[in-house]
Amino acid sequence: MIEALIFDIFGTVVDWRTGVAREAEAFFAGSDQTVDPIAFADSWRAKYQPSMEEIRSGRRGYTVLDILHRENLDATLAEFGLDDAVDDEGRARLNRAWEKLPPWPDVIPGLEALRSRYLLAPCSNGSIAMMARLARSAGLPWDAIVGADIARDYKPQAAVYRASAAALGLAPEQVMMVAAHNFDLAAAREAGLKTAFVSRPDEYGDGPVGTPDLAPSHDWEAVVPDFRALARQMGAAE
């Protein structure tokens, strides 16, 4: 019955914390500024959910994540005392860190195996532009890009999952949502999709932003340690 798999991106497919910290470290290298790149990444990411909640609540119209990330970057630079140290060109360059995040080691072989049998697409809060550039940078073999830009809303709103399935020409029950976050899967199931939990215990490191879901909270259709195991469980040979 399942014809497509759609994927959460930040944390599930790519290591956002390492990637953003790496870009921040490179950006400030050789400058007069001393910046803890991991702390910088954590502070920037901490503003992610609150900024999207403004849209989900209806207090603000739909605004692409690229803009929200830039606004959050401006706030983060101010927090670190760097407001006068980075010009607009530098901020635009640093904001593209989210387009250069590294995939977890199992991701590419797992996706390539799954693609032999299923349609694959990101179902991310990232914009289509961001997801397209990230796919090129990380080598992610998507068949399409769906998610927030399609629905003009942010997960975990049900419209995001249903619009993503519809964009692929499928009913919700023909699509499986893959994520490392139980709340994401709970919302997808409520919207009618099948679900797969993938453990990412290292997503947050030892930082203050969040705590990884180390175990499934429900009886998801698939529970696996990585994408290679998901491919095997879904009958897609590597």
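Two strands count as paired if DSSP finds at least two bridges between them, and strands here are DSSP runs of E with at least two residues, while helices are runs of H or I with at least four, both numbered from the N terminus. The model is predicted, so local features need pLDDT of at least 70 and side-chain atom pairs count only at pLDDT 80 or more, while totals for chains, interfaces and linings use all residues. Residues are numbered from 1 along each chain as its sequence is written, and side-chain values use heavy atoms, with hydrogens and water left out.

On to the sheet. Six strands form an open sheet in the order S3-S2-S1-S4-S5-S6, with parallel pairing. S3 (146-147) and S6 (222-224) sit at the edges with a single partner strand each, so one side of each has no neighbour in the sheet. S1 pairs with S2 (residues 119-124) over four bridges, and isoleucine 6 has alanine 121 as its bridge partner in S2. Four bridges also join S1 to S4 (residues 175-179), where phenylalanine 7 stands opposite valine 178.

Side chains in a regular strand alternate between the two faces of the sheet. In S1 (residues 4-7), Ala4 and Ile6 on one side and Leu5 and Phe7 on the other are all buried (buried means under 20% relative accessible area, exposed over 50%, partly exposed in between, with a 1.4 Å probe and protein chains only).

Then there's the nonpolar core, a set of buried Ala, Val, Leu, Ile, Met, Phe, Trp, Tyr and Cys residues joined through side-chain atoms within 4.5 Å. The largest one has 58 residues, and Leu5, Phe7, Phe10, Phe40 and Leu114 have the most contacts inside it. Helix H1 (residues 16-28) gives the most to this core, with six residues.
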